[in-house]
Amino acid sequence: MTPCSAWENIQHMIPKDKVLWEAFYGNGQSMQYLQELGYMVEGGPDEDFFQHNKGEIIVTNPPFTIIPAILERLIDLDKPFILIMPSSKINTQYFRKLLGREIQIIIPRKRIQFEKIVDGKKVESNQCNFDCFYYCYKMDLERDIIWLE
């Protein structure tokens with residue numbers, strides 16, 4: 001699950017006057033963190049990303065196992081988004097084909113340490129062993145690649 005720090009790191013790049021859609025609810029913590037940071041957020045445990053279309057900006061950490069289908073749906077929706085995904089996704093053929101040159105990337109200085117949840121309970125785990133980027137579309141960031149401090 002996404003830690004609050006992941007959203008705190010980029011909150012200065014997410015407009016406060018837009019309604020966010022946390023499209024992959026998980027345990028609800030990510031949506032709660034965004035609300036605590038002052039955002040209006042829509043989403044819920046029974047909402048299917050592939051059947052709904054909410055908010056003005058999609059801000060989420062999607063399930064990595066279905067990213068090709070998620071990207072196709074995002075193209076159909078054609079709305080701004082910020083997705084947390086492994087850095088390696090930029091090298092895949094489906095990513096290049098679907099989004100290629102239209103993406104802006106925010107690169108964190110440290111790995112995002114995701115919260116591991118097993119049977120509804122947070123589990124202490126080893127450090128995350130892969131890097132993630134924030135992949136942004138139609139967010140009008142000041143540069144195409146931004147390194148966080």
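Predicted model: local features only at pLDDT ≥ 70, side-chain atom pairs only at ≥ 80, totals over all residues.
1. Two strands can be listed as partners of β8. β4 pairs with β8 in the antiparallel sense over six bridges, and I82 stands opposite C136 in that strand. β5, residues 103-107, is also antiparallel to β8 and is joined to β8 by four bridges. The bridge partner of I103 in β8 is Y137.

2. The largest nonpolar core has 27 residues, of which W7, I10, L20, I84, I106 and Y134 touch the most other members. At least two residues of this core come from each of α1 (4-8), α2 (29-36), β3 (57-60), β4 (81-86) and β8 (132-137). A second core of 21 residues is separate and includes W21, F49, L74 and L83.

3. Which residues does I106 contact, leaving aside neighbours within four places in sequence? The partners are I10, M13, F133, Y134, C136, L141, I146 and L148. Among them, I10 and Y134 are also listed with I106 as touching the most other members of the largest core.

4. How many disulfides are found in a search of the whole structure? The search finds zero. C4 is in no disulfide, the nearest cysteine sulfur being that of C132 at 17 Å. C4 counts as buried because its relative accessibility is 17%, against a cut-off of under 20%.

5. For C136, the closest cysteine sulfur is again in C132, 13 Å away, and so too far for a bond; the cut-off for a disulfide is 2.5 Å. C136 is buried, with a relative accessible area of 1%.

6. The side chain of E36 makes a polar contact of 2.9 Å with the side chain of Q32. E36 and C4 are 32 residues apart along the chain, and their C-alpha atoms are separated by 9.3 Å.

How values were computed. Residues numbered from 1 in each chain as written. Heavy atoms only, no water. Core = buried A, V, L, I, M, F, W, Y, C linked by side-chain atoms within 4.5 Å. Buried < 20%, exposed > 50% of the residue type's maximum accessible area, 1.4 Å probe, protein only. Contact = heavy atoms within 4.5 Å. Pairing = 2+ DSSP bridges. Polar contact = N/O pair within 3.5 Å; in protein donor to acceptor, adjacent residues only side chain to side chain.
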